Amino acid sequence: MESAEKRKRMLSGIKPSGQLTLGNYIGALRNFVRYQDDYEMIVFIANLHCITVYQDPQELKKNLRDAVALYLACGLDPQRATIFLQSDVLEHAQLGFIMNCNSYQGELNRMTQYKDKVAKGETNITVGLYTYPCLMAADILLYDADYVPVGEDQKQHVELTRDLAQRFNHRYGDTFRVPEPVVPQVGARIMSLSDPSKKMSKSDKGDKGCIYLLEDVRSARKKIMSAVTDMEACVRFDPQDQPGISNLLTIMSSLSGEPIEQLVQRFAGKGYGEFKSAVADVVCAQLSEIQARYQQVIQSGMIEQTLQQGSEQARRLARRKLDKVQRKIGMEFRKK
Ligand code: AQP
């Protein structure tokens, strides 16, 4: 990577709407850890996004703490990355409101995540959930992020962010950097083990399809061994006709680094039981490593220190940008 590239800024966050999953790890967390070598990383815990759906307060508190601990356990380094709680930087909510005022209902109606919920007949959609892409735009634009690593399902929200940034810049003069989405090549979408047509989601209640990073490894192995497959009896990468096997291949390849084609060759002529057992070995080894480091982090007192330092750094950047935005709009006339 070019040295000029090193100073580019990358921003991402994870909603602590449940215990973090293997999907979060493969699709997001472990990439953040790699990116911190090459970019100025800003990573936050999206606790405002999280409450767009009701959360039990006690569980939320635990999930928040575990999310920070898992960031650190997976290898994020507070000396190289800015790590903070979204709600500790009030500028997110304020710029979020300004973004609401620069977005149109038609744009939000087109967001696939929202449309899917409406199509499923969900009736408990909060206003916060509906306008969540505007808050996400604020999260990104506050920090002039160059890149936003996202899973395939979040790409549309970054596209909206780009539109909002360009609209604002056009209306009020150059204010925001227009960010680029970055979608990982392998592992952008890890599917549920019990229904491989659905994404592995931490808020999925019937949790047989989901592997949690802090889950007992025996339970994780059991879930992999009973993952839904097919009648083809052939380990092949074909997400259309063999979604379950293809998902397991993606998981194994993402964690071991062995290319999918090589795995397909290695398991040619072998039974699904043998293949699943090899996938379980790789997953359980990874979980054990993360869990051991999680225990160290919890005992180290690093969590509070990390959040304190991270929120101070983030607030400095966010305050400067929000002042600029408010001056541009004409909401303020004094230079602070
Ligand atoms: N299954 C997944 N495969 C690949 N990437 C995933 N991500 C989440 N699930 C998968 C990526 O993790 C980052 C943070 O996501 P998030 O937790 O903030 O939101 P989400 O995508 O809505 O995650 P969940 O688990 O599905 O949450 P709930 O159940 O609350 O809606 C993102 O980069 C995301 O793509």
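Predicted model: local features only at pLDDT ≥ 70, side-chain atom pairs only at ≥ 80, totals over all residues.
# Questions on the ligand shell and the strands

Visitor: Which element gives the largest share of the shell around the ligand?

Guide: A residue is near a molecule or strand if one of its heavy atoms lies within 4 Å of it. Of the 20 residues around the ligand, the nearest are S17, K199, S201, K202 and S203. The largest share of the shell is four residues, and the element that supplies them is α2.

Visitor: How many residues of the shell are charged?

Guide: Ala, Val, Leu, Ile, Met, Phe, Trp, Tyr, Cys and Pro count as nonpolar, Asp, Glu, Lys and Arg as charged, and the others, Gly among them, as polar. By this division the shell holds six nonpolar and nine polar residues, and the number of charged ones is five.

Visitor: How much of the accessible area that the ligand has on its own does the protein cover?

Guide: A polar contact is a pair of N or O atoms within 3.5 Å; within protein, one must be able to donate a hydrogen and the other to accept it, and residues adjacent in sequence count only if both atoms are side-chain atoms. A polar side-chain atom of S17 is 2.5 Å from a ligand oxygen atom, and a backbone N or O atom of M200 is 2.9 Å from a ligand nitrogen atom. For K202, a polar side-chain atom lies 2.4 Å from an oxygen atom of the ligand. Accessible areas come from the Shrake-Rupley method with a 1.4 Å probe, only the protein chains shown counting as cover for residues, and of the 640 Å² that the ligand has on its own the protein covers 92%.

Visitor: In which sense do β1 and β2 pair?

Guide: Two strands pair if DSSP finds at least two bridges between them. In β2, R9 has E40 as its bridge partner, and S12 has V43. Over six bridges, the sense in which β1 and β2 pair is parallel.

Visitor: What is the handedness of the β-α-β unit made by β1, α2 and β2?

Guide: A crossover is right-handed if, with the strands pointing away from the viewer, the path from the first strand over the helix to the second runs clockwise. The unit made by β1, α2 and β2 is right-handed.

Visitor: Which residue in β3 stands opposite F44?

Guide: Strands β2 and β3 (residues 81-85) run parallel and are joined by five bridges. The bridge partner of M41 in β3 is A81. Opposite F44 stands F84.

Visitor: How many residues of β3 are buried?

Guide: Buried means under 20% relative accessible area, exposed over 50%, and partly exposed in between (1.4 Å probe, protein chains only). Five of the six residues of β2 (residues 40-45) are buried, and five of the six residues of β1 are buried as well. In β3, A81, I83 and L85 point one way and T82 and F84 the other way, and all are buried. Strand β3 is largely enclosed by the rest of the structure, because its buried residues number five of the five.

Visitor: Is A233 buried or exposed?

Guide: A233 lies in the loop between α11 and α12 (243-256), and its phi is near 55°, a positive value in a residue other than glycine. Because its relative accessibility is 60%, A233 counts as exposed.

Visitor: What is the relative accessibility of D144?

Guide: D144 lies in the loop between α9 (132-141) and β4 (147-149). Although D144 is not a glycine, it has a positive phi of about 50°. D144 counts as buried, because its relative accessibility is 19%.

Visitor: How far apart in space are A220 and T126, C-alpha to C-alpha?

Guide: A220 belongs to helix α11 (residues 217-225). A220 is buried, with a relative accessible area of 0%. In sequence A220 and T126 are 94 residues apart, and in space their C-alpha atoms are separated by 33 Å.

Methods: Residues numbered from 1 in each chain as written. Heavy atoms only, no water. Helix = DSSP H or I, 4+ residues; strand = E, 2+ residues; numbered from the N terminus.
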